[in-house]
Amino acid sequence: MTNQESTEGTTGTEGTVLVTGATGTVGRQVVAELLRRGHSVRALTRDPAKADFPAGVEVAQGDLTDPESLVSALEGVTGLHLITFGGPYFAPLETGSQILELARKAGVRRITVLHGGGPSPLEDAVRAGEDLAWTVVMPVEFMSNALEWADGIRGGDAVREPFTGRLSAMVHEGDIGAVAAVALTEDGHGGREYVITGPEVLTLKDKTDAIAAARGREIRLVELTEEQAVEQWRAAGQPDEVIGFLLEAYGNTPLVGRTVVDTVEKVTGRPARTFAEWAAEHAVAFRA
Ligand SMILES: NC(=O)c1ccc[n+]([C@@H]2O[C@H](COP(=O)([O-])OP(=O)(O)OC[C@H]3O[C@@H](n4cnc5c(N)ncnc54)[C@H](OP(=O)(O)O)[C@@H]3O)[C@@H](O)[C@H]2O)c1
């Protein structure tokens, strides 16, 4: 038995789960899934006035770059969902050890970390926590990235992208939330890293066809050269490091990003949602 597993056996009364990044794409799904499962949820944001959480969620103010600001948010918390960044363009958090120290003091026993794809001192600190039941959640491309196409589709019935032959096992963000919610509240997930994918490998054409079917109108897929894509991303205000990341991720997608795994079904007991389901849920965003 690992240290993580032995910790899980002695959880006692379940307390509140604190979700960081709770106003974000994944965090809001973690919040929703915890609520759906009947758990007590507290959502962290730097600006409660701007946040719009569902009824039943307790809101806490705090900034992950300033660990002392988290003390009251951590009161009574036994489960903690963490992001690895704390500023513009996903600047890695350097405060991981302090956050973990405060979490331990508060009585946190289970932690999930949303893996950011790059090196993370916070993730390293969590992985080193042998007294905690930690789970690293490693999703591939989010289905919600397709919302970036909404303007082009609404305005011109077109998607303009480079590397149109690229493949993706993209995952519904609700399924990321569901896996995290289970790992935060049930035994058996400590000391694990979970790659999370959708149920199929898709081409760009598969994706635009699914959105076209959902909105009830054709979409043209226009192939851009690398140079045209860089120009488009620059015009959209993307900084050079993000552009470099996109060129690598799209031009040379690693095997893990285009291979289906069954984590969602294994952990949640439900099959992973398809992109067609995602497109149907978001059809209105793509209609003029
Ligand atoms: N997009 C993809 O396809 C993909 C795939 C795999 C992994 N990822 C990873 O997923 C992560 C992004 O997750 P997301 O899309 O859910 O995020 P997001 O929608 O961009 O939301 C960012 C969240 O971070 C919070 N935040 C930022 N700085 C903070 C700070 N200093 N203190 C407290 N909270 C702070 C924000 O909270 P407030 O503004 O409310 O304070 C907000 O809730 C990245 O690590 C990325 O690498 C993305």
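1. Is Tyr 89 buried or exposed? Tyr 89 counts as exposed, because 10 C-beta neighbours lie inside 10 Å. (Buried means 20 or more other C-beta atoms within 10 Å of a residue's own, exposed means 12 or fewer, and partly exposed is in between; C-beta atoms are placed from the backbone.)

2. A word on the model. This is a predicted model: local features need pLDDT of at least 70, side-chain atom pairs count only at pLDDT 80 or more, and totals for chains, interfaces and linings use all residues. Residues are numbered from 1 along each chain as its sequence is written.

3. Back to Tyr 89. Its phi is near 55°, a positive value in a residue other than glycine. Most residues other than glycine have a negative phi. Tyr 89 sits in the loop between strand S4 (77-82) and helix H3 (96-106). (Helices, H or I with at least four residues, and strands, E with at least two, are DSSP runs numbered from the N terminus.)

4. Phe 163 also deserves a look. Phe 163 is not a glycine, yet has a positive phi of about 50°. Its place is the loop between strand S7 (158-161) and helix H6 (173-185). Phe 163 is partly exposed, because 18 other C-beta atoms lie within 10 Å.

5. Now the helix pair. H8 (residues 226-235) and H9 (residues 240-251) pack at about 140°, with axes 10 Å apart. (Axes are lines fitted to C-alpha atoms, for helices over the stretch in contact; angles run from 0 to 180 degrees between N-to-C directions.) H8 and H9 are therefore oblique to each other. (Under 35 degrees is roughly parallel, over 145 roughly antiparallel, 65 to 115 roughly perpendicular, and the rest oblique.)

6. Which residues of H8 and H9 make the contact? H8 gives Glu 226, Val 230, Trp 233 and Arg 234, while H9 gives Ile 243, Leu 246 and Leu 247. (Contact means C-beta atoms, placed from the backbone, within 7 Å.) Five of these residues are nonpolar, none polar and two charged. (Ala, Val, Leu, Ile, Met, Phe, Trp, Tyr, Cys and Pro are nonpolar; Asp, Glu, Lys and Arg are charged; the others, Gly among them, are polar.)

7. H8 is hardly covered: one of its 10 residues is buried. Just after H8, Gly 237 takes a positive phi of about 90°.

8. Gly 251 lies in H9. Gly 251 counts as exposed, because 12 C-beta neighbours lie inside 10 Å. The C-alpha atoms of Gly 251 and Leu 74 are separated by 42 Å.

Methods: Contact = placed C-beta atoms within 7 Å.
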